[in-house]
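Dear colleague,

I am passing the structure on to you with this message. Please look through the sequence and the coordinates first; my notes on what was found follow below.

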Amino acid sequence: MVAGVRSLMVLLLCQVLLGGSAGLIPEVGRRKFTESGRSSPQQSEEILNEFELRLLNMFGLKRRPNPGKSAVIPQYMRDLYRLYSRSGEDSLDQHGSSLNPQLERSASRANTIRSFHHEALESLEELPETGTKTARHFFFNLSSIPGEEMPASAELRIFREEVQPTLANNSSGHHRINIYEIIMPASSTLRDPITRLLDTRLVHQSQSKWESFDVTSAVMRWLMYQEPNHGFVVEVVHVDKEESASKRHVRISRSLHEDEESWPQMRPLLVTFNHDGKGHPLHKREKRQARPKHRRRLKSSCRRHALYVDFSDVGWNDWIVAPPGYNAYYCHGECPFPLTDHLNSTNHAIVQTLVNSVNSNIPKACCVPTELSPISMLYLDEYDKVVLRNYQDMVVEGCGCR
């Protein structure tokens, strides 16, 4: 009985806190809600459907995500979540790769980060090779990005492994990685695709790490100006003309990848940093100083109370990657006459409470949140794409009489 009431309270709380959205509430929760209400089963079902639709709308989703078993959560997205949800410390992934400083400045204007793996079609990967070059064609389907989201920046991430020097290999161990946008693909009348160079880097093979390339201009053309998206060409140029060593260590093709199990995490990744015009951008979270405790505060006075929202209780843990839940808190308590300073009251609330003391027809001021903070959420959308987004006004930081 207690568990059932708790689940129902969480559902109703989320309707208030999250603004409410289809198929998110488990069937057990639906039965408990219906059985506990006075309305008819049909009316209760309509209320729940409306609640679920509102919640999905808040998440920018058209339907309830139902992730497949093959859905992959890139380590980089987990690192970004930690970066934007903890105490502002820099976060590095297991290969020591951090966000490109130039891209980080652009990303500071974004409130939504999305990641995309390329379409796994072998026909897209085959391009002519020479003795000193390896090239692959990659297409990233960005159609799941809502039209209201404007890109602030975008990066293409390529993983390369350390090449151990040998006595037979006296080369300097350098190779160049070039990223091209395909302006016009090859056709029956065009032998080779027409491309535009987006970014390039000369790298040394002495370290395993991710390389980040700025592809903002191409993604902006595709999303903002509706130009055709024909994908990218990733070209590895073997500067020392000894491609046998380095060729297999830049992870641009499954066929060049010896470890089949790690390929899903090492395959090229396109990351977009967008803003939908709502709320504030993502930012490195800072530790909040503990609030001083006010003396002589009555237990019944308006104040913040503990409340933890567990996403597994409402059946969302299959598509919300992180956090598993969060401390939402809530405001409750009396706003007695006279209102004291620690109740964080407005002048209007003081006047209203004063009038209430002589005229009971005028209600007292209410105990409500006066300060709210955001949380970052990492989740899978309805297309199994990984999204990191900043949601405003999710945590009560202060209460007062208003």
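**Disulfides**

The link of Cys335 and Cys401 is left-handed, with -95° about the S-S bond, and the sulfur atoms of this disulfide (a pair of cysteine sulfur atoms within 2.5 Å) are 2.1 Å apart. Before going further, please note that this is a predicted model, in which local features need pLDDT of at least 70 and side-chain atom pairs count only at pLDDT 80 or more, while totals for chains, interfaces and linings use all residues. Residues are numbered from 1 along each chain as its sequence is written, and side-chain values use heavy atoms, with hydrogens and water left out.

Helices and strands are DSSP runs numbered from the N terminus, helices being H or I of at least four residues and strands E of at least two. In these terms, Cys335 lies in the loop between strand 13 and helix 10 (347-356) and Cys401 in strand 15, so the pair ties together parts that are 66 residues apart in sequence. Cys335 and Cys401 are both buried, where buried means under 20% relative accessible area, exposed means over 50%, and partly exposed means in between, with a 1.4 Å probe and protein chains only.

The structure holds 3 disulfides. Another of them joins Cys331 to Cys399, with 2.0 Å from S to S, and because the torsion about its S-S bond is about -85°, this disulfide is left-handed. Cys331 is in strand 13 (residues 330-332) and Cys399 in strand 15 (residues 386-401), so that distant parts of the chain, 68 residues apart, are linked; both Cys331 and Cys399 are buried.

The disulfide of Cys302 and Cys367 has its sulfur atoms 2.1 Å apart and, with 75° about the S-S bond, is right-handed. Cys302 lies in the loop between strand 8 (269-275) and strand 9 (303-305), and Cys367 in strand 14 (residues 367-380), so this pair ties together parts that are 65 residues apart in sequence. Cys302 counts as buried at 3% relative accessibility, and Cys367 counts as buried at 15%.

When the bonded cysteines of the chain are numbered in sequence order, the pairing is 1-4, 2-5, 3-6. Cys366 is in no disulfide, and the nearest cysteine sulfur, that of Cys335, is 7.0 Å away; at 45% relative accessibility, Cys366 counts as partly exposed.

An open sheet is formed by 4 strands in the order 2-7-4-5, with antiparallel pairing; two strands are taken to pair if DSSP finds at least two bridges between them. Strand 2 (133-138) and strand 5 (194-204) are the edge strands, each pairing on one side only, and the twist averages 20° from one strand to the next. Strand 4 (residues 174-184) is joined to strand 7 (residues 232-237) by 6 bridges, the two running antiparallel, and Arg176 stands opposite Val237 in strand 7.

Helix 7 (residues 216-224) packs on this sheet and touches strand 4, strand 5 and strand 7, its direction making about 150° with that of strand 5. Contact here means heavy atoms within 4.5 Å, and axes are lines fitted to C-alpha atoms, for helices over the stretch in contact, with angles running from 0 to 180 degrees between N-to-C directions. Among the residues of helix 7, Thr216, Ala218, Val219, Arg221, Trp222 and Leu223 are buried.

**Backbone points to check**

Gln226 is found in the loop between helix 7 and strand 7 and has a positive phi of about 55° although it is not a glycine; at 62% relative accessibility, Gln226 counts as exposed. Asp384, in the loop between strand 14 and strand 15, likewise has a positive phi, near 65°, in a residue other than glycine, and at 28% relative accessibility it counts as partly exposed.

A cis peptide bond joins Ala322 and Pro323, with omega about 0°, and Pro323 is found in the loop between strand 11 (320-322) and strand 12 (325-327). The peptide bond from Phe337 to Pro338 is also cis, with omega near -5°, and Pro338 is found in the loop between strand 13 and helix 10.
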